[in-house]
There are 2 protein chains.
Amino acid sequence: MINITGQHLINGQWLNNGQSTFASANPTTGQSNSWNFFEANISDTELAIKAANTAFKKYRRVSALDRANFLDAIAHEIEALGDQLVEAAMNETALPQARIQGERGRTCGQLRAFAANLRTPISPVFIDHAQPERQPLPKGDSRLTQIPLGPVVVFGASNFPLAFSTAGGDTASALAAGCPVIVKGHPAHPATTELVCHAITRAIESTKMPTGVFSMVQSSTPAISALLVEASDVKAVGFTGSQRVGDILNKLTQARPTPIPFFGELGSTNPQFILNEILANQPQDLANTQVGSMLMGHGQFCTSPGLVIVEEGKGFEQFIATLTTAVEAAVVGTMLTKGIAQAYLTQLDQLISNDQLTLLGQGNNGEGQCQTPAALLRVDAKSFLADNTLSHEIFGPCALIVCCKNQEEMSDIAQSLTGQLTASIHGSESDINSSDDLISDVMQHVGRLMFNQMPTGVEVCHSMQHGGPYPASTAPQTTSVGSLAMNRFTRPICLQNMPQSILPAELKDDADVLKIIV
Amino acid sequence: MINITGQHLINGQWLNNGQSTFASANPTTGQSNSWNFFEANISDTELAIKAANTAFKKYRRVSALDRANFLDAIAHEIEALGDQLVEAAMNETALPQARIQGERGRTCGQLRAFAANLRTPISPVFIDHAQPERQPLPKGDSRLTQIPLGPVVVFGASNFPLAFSTAGGDTASALAAGCPVIVKGHPAHPATTELVCHAITRAIESTKMPTGVFSMVQSSTPAISALLVEASDVKAVGFTGSQRVGDILNKLTQARPTPIPFFGELGSTNPQFILNEILANQPQDLANTQVGSMLMGHGQFCTSPGLVIVEEGKGFEQFIATLTTAVEAAVVGTMLTKGIAQAYLTQLDQLISNDQLTLLGQGNNGEGQCQTPAALLRVDAKSFLADNTLSHEIFGPCALIVCCKNQEEMSDIAQSLTGQLTASIHGSESDINSSDDLISDVMQHVGRLMFNQMPTGVEVCHSMQHGGPYPASTAPQTTSVGSLAMNRFTRPICLQNMPQSILPAELKDDADVLKIIV
């Protein structure tokens, strides 16, 4: 068993300069946990950044193979934490055991996937050989590769205590890319954070990485977040969280003397478009699938389907009736924190008291302070389009059914969408073949478009794109999940006339990588 | 001969709603040209944006092959403008005939290069086939491609009236990517701009593209620039110009309700590091090459070498003496505009009156109002590091020689560099083999690193990277030159379980493109 220190991990040491503390709560019981965690102060934070910057001078020259071994070692050490990690995460998040175990598997799988990609790169390098005889001017030898940006700050996310937190997606891809990482632990799961840090420390030691390549500070105050993203030695930020906080941090990164990229995932309603023929044929299946997907993780998935766009035709009434029955039967769920539960209840109250909306059904209430009911509401397309507050994400097990009178209204909704991580189109073959314009419109607003599939569940694979136009992502040209995610922490560099002896390994003439050569 | 209308090109029509006008000047004579150009007003600007947005719904579905034919047609029509274009550009910029002809060749070559890349894509698509039997969960079919961002505003640049203006790099890559373009013509060369627009119009007609795919407004006022970058239908901005103006426009794009990418190239001093053995062996060659490069285009290239870092050792005195002689012999040159010439003279005066700097030599003054002398100054490394104003770009034929006492000082300079488009390292084989740390430090600050080559001249090829950390570029993860430049105007989208019949051409199973398949 690892003894929780409550301290920060800075340059390989557990320490604290500040003395004030905070505690995490068990959302199920509402009670504070027994551990206390120190609040990082300015000195802690600056030490972590300095260590990252020092480590970068070495880490940027660590070979891809050695970085792969480091990532594999982190995965191994996370698994070696065993039940202690699972129990800490369950305790701090109220997520069930199977979910935490699955998330751990996904987190380790992601680390190993990046390791595999470092060993066998999937993106080509570009090489233009010299043409000394070219007229009117000779052409030099030039070669294009990627170099790491520098130290990266990653903010732990409340809803994925493992996969989008300490050793989650952005950390894994930044380390894969050659960037040191400073994690700002999420205050809702500090013990989980600390345990994962112990695993990373062991991996740093066993693979002999520079100690400052990974640091972590615990903090529940905005001032430390601001200090981290404004530090001149920090070169990029990864953030998954609310649009309100994300916008604030993003503005700080852009107001710096030297702006840096801010990779923020700030919310998505993941619209589900249900076309006519499939609605007529399968109204009950569609309704049950919708409710099942929106209840996963008690609606706290980034890809939770919060908006359903459907035309009032054959099957419509049965679809609505089945939805209503299913949501009313939903067992109560516990949200991640008291603050998140209260924000959900406040938003739900606003929707219910909105004259333009009808409450279709609501699940059980429960009595725990973090327990919230599932809910479904309906609104007509015109009212939806007239009130842009209705297009905002509601974080939790709630969906809005937007009822269209005709295809034109459905098309208006597709064109008015804000940026989304995902959308789905549900349709028969004939539905889909007659929906060219709708599909083209929806594509412009999403990072991932699915057909006859629900959005919950994000595959870690080469072709994944997790990110979409703002506010789904503040950097829609990059992804936070999938093999190409590490590219967000690198930038291209052209090396011209560089001697073979000092070329990066992947650019040498004899490198065994995918090359595009002219 | 084309009759210059002085109007804006909006949705295929030449028109003007506003009545106020401006004229361009001939920098050589200082006289205003005879043409008058209408200042765009709000109505003109909004019409252009609306036309682009309407055109986008069609243009985003135009095939890559048809876009390739469109780009080729633009190149053909630019060449068909013949001497009229060359004369107009010479008249408005004072750039010599050979340079304008060369730049025209480069501009057309760039359009044709993108066309070739559209016909034979150089980047892979990623395909994950479905695994319906996978445990514990089946895997869906997912495929990753790129889609265009939407209407793009491109600001014409003063120093490249063809290659970075109306049909220049950003316009060519945006059109290649599937994005309509609205050009804000640079007020220093409006006749050149209008002529190129006539060529584009002919290409739109001959290849039957939507008329709104390209519009152009003439303006010399900041208000129209702001209107363009703040318009909700504009989805990206391309800008090459001063850091002052670029920062203002970038801030506007980030303050929008939905921020958009701002691809700004804002300045670079392109440092030249000269190592010891080569300095001892070739001091005169190095000096003459430096002066030759900094005088190209009278120092108005974005890659002009404005900073030379050298150690005081064997060859140093001869290097300085040769530099001085060469710059004093430099013939006077004419700058692009009176404003640019005056800004250069003001900056040069400040440098000369700075006690820490020594004027090594100065070229002839000339008498034209846009004529300016070349100049070389020296400063010691400590003084350079102590005054960060010395690291700013001086746009014109001026360079600062930074003299280091030892390798440590040279290393300090490398580490303190602001973002640069390029840098060069000049060294013998032994110099280079013993400079690992220096090379690694310089790489972190540049988009392109050269060995024993001067930076002026940017190849249009697959491996080019034109862009670097801020302020060289506001988007260092993208390039403005080279085959990959079109990627800045697209974003990835994952299509999951999409029927073969409606998949984009490049994602179909039978597509003849480079595929990474799992």
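Guide: In general, strands of a sheet pair through backbone hydrogen bonds, either parallel or antiparallel. Here, in a predicted model, Arg143(B) stands opposite Leu495(B) in E21(B). Two strands count as paired if DSSP finds at least two bridges between them; strands (E, at least two residues) and helices (H or I, at least four residues) are DSSP runs numbered from the N terminus.

Visitor: How many bridges join E6(B) to E21(B)?

Guide: E6(B) and E21(B) run antiparallel and are joined by 7 bridges. E6(B) also pairs with strand E5 (residues 125-128) of chain B, again in the antiparallel sense, over 3 bridges. In that pairing, Ile127(B) stands opposite Arg143(B).

Visitor: How should I read the numbers and letters in these names, and what limits apply to a predicted model?

Guide: Residues are numbered from 1 along each chain as its sequence is written, while chains are lettered from A and ligands numbered from 1 in the order in which they are written. As this is a predicted model, local features need pLDDT of at least 70 and side-chain atom pairs count only at pLDDT 80 or more, whereas totals for chains, interfaces and linings use all residues.

Visitor: Is strand E6 (residues 142-148) of chain B enclosed or open?

Guide: A residue is called buried if 20 or more other C-beta atoms, placed from the backbone, lie within 10 Å of its own, exposed if 12 or fewer, and partly exposed in between. Of the 7 residues of E6(B), 6 are buried, so the strand is largely enclosed by the rest of the structure.

Visitor: In which order do the strands form the sheet?

Guide: The open sheet has 11 strands, in the order E15(A)-E17(A)-E18(A)-E13(A)-E12(A)-E19(A)-E20(A)-E21(B)-E6(B)-E5(B)-E22(B), with mixed pairing. Strand E15 (358-362) of chain A and strand E22 (515-517) of chain B stand at the edges, each with a single partner strand, so one side of each is left without a neighbour in the sheet. From one strand to the next, the twist averages 20°, where axes are lines fitted to C-alpha atoms (for helices over the stretch in contact) and angles run from 0 to 180 degrees between N-to-C directions.

Visitor: In which sense do E20(A) and strand E21 (residues 490-496) of chain B pair?

Guide: E20(A) and E21(B) pair in the parallel sense, over 3 bridges. Within E21(B), Gln496(B) is the bridge partner of Met450(A). E21(A) and strand E20 (residues 446-451) of chain B likewise pair in the parallel sense over 3 bridges, and Gln496(A) stands opposite Met450(B).

Visitor: How many residues does the contact take from chain A and from chain B?

Guide: Two residues are in contact if their C-beta atoms, placed from the backbone, lie within 7 Å. The contact takes 51 residues from chain A and 51 residues from chain B. E21(A) gives the most to the side of chain A that touches chain B, with 6 residues. By class, that side has 26 nonpolar, 17 polar and 8 charged residues; Ala, Val, Leu, Ile, Met, Phe, Trp, Tyr, Cys and Pro count as nonpolar, Asp, Glu, Lys and Arg as charged, and the others, Gly among them, as polar.

Visitor: Finally, how many helices and strands are there in chain A?

Guide: Chain A has 16 helices and 22 strands. Buried residues make up 58% of its 518 residues.
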